[in-house]
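Hello,

Here is the structure I promised to pass on.

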Amino acid sequence: MAHIHVPDGVPGIRSLVMYRPDTGQHLYALAQALLRNESPLSEAERELIATFVSALNDCNFCAGSHAAAARFLFGQDKDLVDQVIADYQTAPISDKLKALLTIARHVQQDARTVSDELVAEARRQGATDRDIHDTVLIAATFCMFNRYVDGLATLTPDPSAYEAMGERMGTVGYVMPAAPVPIDNS
């Protein structure tokens, strides 16, 4: 049960943006900009970074929902998501993405440890300034999202619910729920 009064049965951050649509609209806009708007990284790769950081943070809702979105976006290569979560260094992904995930891991653990050497390695593997920027911002944002969701003890749904969430996120992106449910904000 959530620590505050949010709509019953609405999982994760969705319940929180319904509780505070004035702040929620900005959080969803940020997620849309990071994960769906133009970027040299594919939507699937960006969802994978969000999933990876959420898994490192043990945020079951965010890891589950974004893994489902990444699986949907990777399509036939959806098994990559679970391979990255298990051990990204041995997963069949590009060396560039491995270098970017290493940077994301450092952001998740202690962003001050993102070193010149890590950035140089990402560049050696083909990463651009925009790739590095977007990776750091996605990792930092998902640390905040993970703490927001878990800090208020939002609903984590049954694992069977994630596939539909992933398809919705993969097709329509991050849009506010149609109508906020009235809630006593006291």
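Alanine 44 is buried, because its relative accessible area is 7% and buried means under 20%, with exposed over 50% and partly exposed in between (1.4 Å probe, protein chains only). Alanine 44 belongs to helix α3; helices here are DSSP runs (H or I, at least four residues), numbered from the N terminus. Leaving out residues up to four places away in sequence, alanine 44 touches Ala70, Leu73 and Phe74, where contact means heavy atoms within 4.5 Å. Alanine 44 and arginine 112 are 68 residues apart in sequence, and their C-alpha atoms are 27 Å apart in space.

A word on how to read all this: the model is predicted, so local features need pLDDT of at least 70 and side-chain atom pairs count only at pLDDT 80 or more, while totals for chains, interfaces and linings use all residues. Residues are numbered from 1 along each chain as its sequence is written, and side-chain values use heavy atoms, with hydrogens and water left out.

Serine 15, in helix α1 (residues 12-19), has a relative accessible area of 0% and so is buried. Apart from its neighbours within four places in sequence, serine 15 is in contact with Val6, Pro7, Val10 and Thr154. Threonine 102 sits in helix α6 (residues 95-110) and counts as buried at 11% relative accessibility. With residues up to four places away in sequence not counted, threonine 102 touches Tyr88, Gln89 and Leu118. Threonine 102 and phenylalanine 74 are 28 residues apart in sequence and 20 Å apart in space, C-alpha to C-alpha.

Now to the core. The largest nonpolar core has 50 residues, and Ile13, Val84 and Leu101 touch the most other members. A nonpolar core here is a set of buried Ala, Val, Leu, Ile, Met, Phe, Trp, Tyr and Cys residues joined through side-chain atoms within 4.5 Å. What does valine 84 contact, beyond its neighbours within four places in sequence? The partners of valine 84 are Leu48, Phe52, Ala91, Ile93 and Leu101.

Next, the rings. There are 3 aromatic pairs, counting rings of Phe, Tyr and Trp (its six-membered ring) whose centres lie within 6.5 Å; planes under 30 degrees apart are stacked, over 60 edge-to-face, and the rest tilted. One of them is the tilted pair of phenylalanine 61 and tyrosine 162, with 6.3 Å from centre to centre and 50 degrees between the planes. This pair links distant parts of the chain, as phenylalanine 61 is in helix α4 (residues 60-74) and tyrosine 162 in helix α9 (residues 162-172), 101 residues apart. Phenylalanine 61 and tyrosine 162 are both buried. Phenylalanine 142 and phenylalanine 145 form an edge-to-face pair, because their ring centres are 5.1 Å apart and their planes are at 80 degrees. Both of these phenylalanines lie in helix α8 (residues 129-151), 3 residues apart, which is about one turn of the helix. Phenylalanine 142 and phenylalanine 145 are buried as well.

Helix α2 (residues 21-35) packs with α8 at an angle of about 145 degrees, their axes 11 Å apart. Axes are lines fitted to C-alpha atoms, for helices over the stretch in contact, and angles run from 0 to 180 degrees between N-to-C directions. From α2, the contact is made by Leu27, Leu30, Ala31, Leu34 and Leu35; from α8, by Leu137, Ile138, Thr141, Phe142, Met144, Phe145 and Tyr148. These residues divide into 11 nonpolar, 1 polar and no charged; Ala, Val, Leu, Ile, Met, Phe, Trp, Tyr, Cys and Pro count as nonpolar, Asp, Glu, Lys and Arg as charged, and the others, Gly among them, as polar.

Finally, the loops. Asparagine 57 is in the loop between α3 (43-56) and α4, and is buried with a relative accessible area of 15%. Aspartate 58, in the loop between α3 and α4, is exposed at 61% relative accessible area, and its phi is near 55 degrees, a positive value in a residue other than glycine. Alanine 153, in the loop between α8 and α9, also has a positive phi of about 55 degrees although it is not a glycine; alanine 153 is partly exposed, with a relative accessible area of 23%.

Best wishes

Key: Helix = DSSP H or I, 4+ residues; strand = E, 2+ residues; numbered from the N terminus.
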